[in-house]
Amino acid sequence: TVTAPTLVLRGEFSRGLGLEVAERVTREMPHARLVTVPGATGYIPGDSPKDCAREIDTFLSSIPLGR
């Protein structure tokens with residue numbers, strides 16, 4: 001029932017969020033976007049801070065104002 005734009009950010013080597021689960025979440029949420037950060041574990045900001053910031057910025061920039 002979540003309709004807000006949602007970023008599902010997962011590390012390539014995440015042990016907490018498997019790819020299958022992340023893909024299912026994004027299929028079932030109408031405005032969800034899945035991004036897998038290469039080389040990162042479940043702690044993306046610590047493993048790949050620049051990639052993390054870039055993906056969040058890209059996502060936030062894609063949301064229309066007033067939504």
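Thr 26 counts as buried, because its relative accessibility of 18% falls under the 20% cut-off. This comes from a predicted model, so please read every value here as computed from that model. Thr 26 sits in helix 1, which covers residues 19–28. Leaving aside residues up to four places away in sequence, Thr 26 touches Val 8 as well as Ala 32, Arg 33 and Leu 34.

Now let us step back to the chain around this residue. The protein chain contains 3 helices and 2 strands, and their order along the sequence is β-α-β-α-α. Burial is the state of 24% of the 67 residues, and Thr 26 is one of the residues that count as buried.

Here are some whole-chain values for the protein chain, gathered in one place.

| Property of the protein chain | Value |
|---|---|
| Span of the C-alpha trace along the principal axes | about 35 × 25 × 10 Å |
| Accessible surface | about 4,700 Å² |
| Distance between the centres of the positive and negative side-chain sets | 3 Å |

Some detail goes with these values. Carbon and sulfur atoms hold 56% of the accessible surface. On the charge side, the protein chain carries 8 positive and 8 negative side chains.

Note on methods. Residues numbered from 1 in each chain as written. Predicted model: local features only at pLDDT ≥ 70, side-chain atom pairs only at ≥ 80, totals over all residues. Heavy atoms only, no water. Helix = DSSP H or I, 4+ residues; strand = E, 2+ residues; numbered from the N terminus. Buried < 20%, exposed > 50% of the residue type's maximum accessible area, 1.4 Å probe, protein only. Areas by Shrake-Rupley, 256 points an atom, 1.4 Å probe, with all protein chains shown as cover. Lys, Arg positive; Asp, Glu negative; His and termini not counted. Charge placed at Lys NZ, Arg CZ, Asp CG, Glu CD. Contact = heavy atoms within 4.5 Å.
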